[in-house]
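Subject: Structure handover

Hello,

Here is the structure I promised to pass on. Please load it first; my notes follow below.

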Amino acid sequence: MTSKSILSLLALGLLALAGAACHNQSYAADDKSKIHVGIVFDIGGKDDRSFNAAAWAGVKCAESGKWPNGEPCGKAALNIVLRDIEPGNPTSIEPAMRAFAERGYDLIIGVGFAQAPIMEMVAKDYPNIHFAIVDGISELPNVASLIFKEHEGSYLVGMLAAETSKSGTIGFLGGMDIGLIHRFEKGYEEGAKSVNPNIRIIQNYVGVTDGAWNNPGKGKELSLAQIGKGADVIFTAAGNSGLGAFDAVEQAGKVNGRATHFVIGVDSNQNMVKPGFVLTSMVKRVDNAVYSIVEDVVNKKFQAGFHVYGLDKDGVGYSMDQFNKDLITPEMIKSAEEAKRKIIAGEIKVTDAMLK
Amino acid sequence: MKLLRELVFPLLAVLAAFVVGGILILLIGDNPIQAYKLLIGSALSWPDGIGYTLFYATPLIFTGLAVLVAFRCGLLNIGAEGQLYVAAFATAWVGITLAQRSAWILIPLCFLAAVLAGGVWGAIPGILKARFGSHEVINTIMLNFIGIALVSYFTQYHYKVPGDPIMESSEIGQGAHIARLGHFIHGLPERIPLNLAFVLALICCVLVYLFLWRTKWGYELRATGASPTAAEYGGISIRKQIIIAMTISGSLAGMVGINEVLGYRHRYYDGFSDNYGFTGIAVALLGRNHPFGVVIAALLFGVLQRGGIYVDGFSEHVTKDIVQVLQGVIILFVAAEAFFRGQFGSFGLLKRSKV
């Protein structure tokens, strides 16, 4: 290739650009009559089928009244302008939040506890902008902390696990060894013990660094070890690593068409990941929490501080659908619903491991 | 005329990259003019845009200079990433351990920690190459993994605030904070993390230039890079030059720690580097292995980094990956220049640059 042909290629490219400039397709300009919402995802990105996906579903529902897959979400569209950034690495989280703030967005949502300190830095510089952090805690006057009573939901799936277990041993697989995950573990343990006080619970954590959320191989090995020690139901709270537990119970196989070992999913409804092997999922309705904070801002009723989503507001719960209806008997549902009523009424107190 | 010739290929490369990127944006279904307006407009707005662009350029100037010094000696330092991690941790370690001391003692000690730690981490592959002839590319890559894992370990088990779910060390002493430029420049808010490390980067750029082209040591270093056998014949110890070049290279990379720890986060934060060490190779290449070229290239990459976030957030379909595409195409075209001149080869770029 000669330099002449390179130059002509360049000229062609410039022509193409000029052509594009002529048909003037404009970006949705900042229409100040509408509420602007910006969401900054965690490293996992918005298609992780779990935690981030739930947050994305919530804002998408607020924008259009539909889930990201186009089905109606059963709530009203709120007439907002929605923009999202997937930072992809930890260094881009702060610039992403600041990009929304500099543009004068009304509400900036951060997904994941790791964003809390970064959000505090940004929120201090922009006291007139509303911020919301999912799973994180901040006491600034313009930050709403959206937190979940994971221990209450875990209590219910702990009951279901203990009722399903034939061996009297159940497992818990945590991701990163931090307070937030201890909350799942403690609730699960108390729920299981309320059904069978002698039940044995084996617990393992994948690791102590961020990498612990994304190590399905180790998740599987730990789960197989738990199965080896007799556990026949395993509750995962380990992000992507939890998928290893799904593989492990599938490997244990089926007898007479029924799985011998079960796994309990987390955050989103994961019952369809390995149908027949997933007892239920401890769902965390991040979508509901995110939708209502957007709604608050639209209605000018935003309140900073803690927004706690427990069983009472359907913020947490266990999932039932066509994939697990044969695994959970009506009696089990009855006892779980009974416990749910008692927890809401305050008759059963579930320990919050983060309040130690 | 010579200067013009030096500038024309990088400029063409950047232009070509924008054209290719524009075609991609068209294919995605967005408007390239609007996207570029967003990209460049957000990066050059005052004060936030310019402040952040310069802030993002700061570590790239350091790593670009680091790669350049090694390059001039005929070495490829791919280990700037590991060197800057080790240095940043060392800086934070001094800042935490001696937190009570006054700024007059603490800041010079922290500077020294950054330079020494980076220098040592760079010297190791240099010594291995000089003593045993093991290739510096392999060794620097391996030392990246070792360095990053090592400081992660220390952060996790020894220097983290107990109960903190985030992988970061505790905070350094107040005395070790260096001033943000907003403190001196009217109209630049202090929330923008652009700090004195940027000035330090510019000073380093001049120092590297003076060292390489105005001193005997710089001459020996460049002579080794240009032709090791001729240099040896001329009485220059190649082994010594390799170790010196890698040590200086590592020290320059290590100064990223000053920007990050003393000027920005005031703690060691695991994963803070957005591949600064590797982008430094691209910066050095685009900057034609000249200190002043490195500054210009780093500024361009700063613009891309700042603007990429805006394009991601505020365009309809384009994500910030477009920045990766632009960077990739720029490098491709710069590297292809040697091909156009018929000098394609592993050290074609070096061969051309006159000693």
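H3(A) and H4(A) cross in the right-handed sense. Keep in mind throughout that this is a predicted model. The two helices of chain A are H3, residues 93-102, and H4, residues 116-125. Their axes come within 10 Å and cross at roughly 35 degrees.

Which residues meet there? From H3(A) come Ile93(A), Glu94(A), Met97(A), Arg98(A) and Ala101(A). From H4(A) come Ile118(A), Met119(A), Met121(A) and Val122(A). By class, the contact of H3(A) with H4(A) has 7 nonpolar residues, no polar ones and 2 charged ones.

**Domains of chain A**

In the contact between them, 7 residues of domain 1 of chain A meet 4 residues of domain 2 of chain A. The domain 1 side of that contact splits into 4 nonpolar, 1 polar and 2 charged residues.

**The parallel sheet**

One open sheet of chain A has 6 strands, in the order E2-E1-E3-E4-E5-E13. Its pairing is parallel. Strands E2 (80-85) and E13 (305-309) of chain A are at the edges. Each has a single partner strand, so one side of each has no neighbour in the sheet. On average, and ignoring direction, neighbouring strands of this sheet are turned by 20 degrees against each other.

Look inside the sheet next. E3 (107-111) and E4 (130-134) of chain A pair in parallel over 5 bridges. There, Ile109(A) stands opposite Ala132(A) in E4(A).

Helix H9 of chain A, residues 286-298, lies across E1, E2, E3, E4, E5 and E13 of chain A. H9(A) runs at about 170 degrees to E4(A). Chain B packs on this sheet too: its helix H13, residues 291-314, touches E1 and E2 of chain A. The direction of H13(B) makes about 135 degrees with that of E2(A).

**Where the chains meet**

How many residues of chain B are in contact with chain A? The count is 31 residues of chain B against 32 residues of chain A. Five helices of chain B each supply at least two residues of the chain B side: H1 (2-28), H2 (32-44), H3 (48-72), H6 (136-159) and H13. H1(B) gives the largest share, 7 residues. By class, the chain B side has 17 nonpolar, 9 polar and 5 charged residues.

**The mixed sheet**

Another open sheet of chain A also has 6 strands, ordered E7-E6-E8-E11-E12-E14, with mixed pairing. E7 (200-207) and E14 (316-318) of chain A are its edge strands. Each pairs with a single strand, so one side of each is left without a neighbour in the sheet.

E8 (233-237) and E11 (262-267) of chain A run parallel and are joined by 3 bridges. Val233(A) is placed opposite Phe262(A) in E11(A). Helix H8 of chain A, residues 243-252, lies across E6, E8 and E11 of chain A. H8(A) runs at about 160 degrees to E11(A).

Best regards

Note on methods
Residues numbered from 1 in each chain as written. Chains lettered and ligands numbered in written order. Predicted model: local features only at pLDDT ≥ 70, side-chain atom pairs only at ≥ 80, totals over all residues. Contact = placed C-beta atoms within 7 Å. Nonpolar A, V, L, I, M, F, W, Y, C, P; charged D, E, K, R; others polar. Pairing = 2+ DSSP bridges. Helix = DSSP H or I, 4+ residues; strand = E, 2+ residues; numbered from the N terminus. Axes fitted to C-alpha atoms, helices over the stretch in contact; angles between N-to-C directions. Left-handed = near helix turned anticlockwise from the far one by under 90°.
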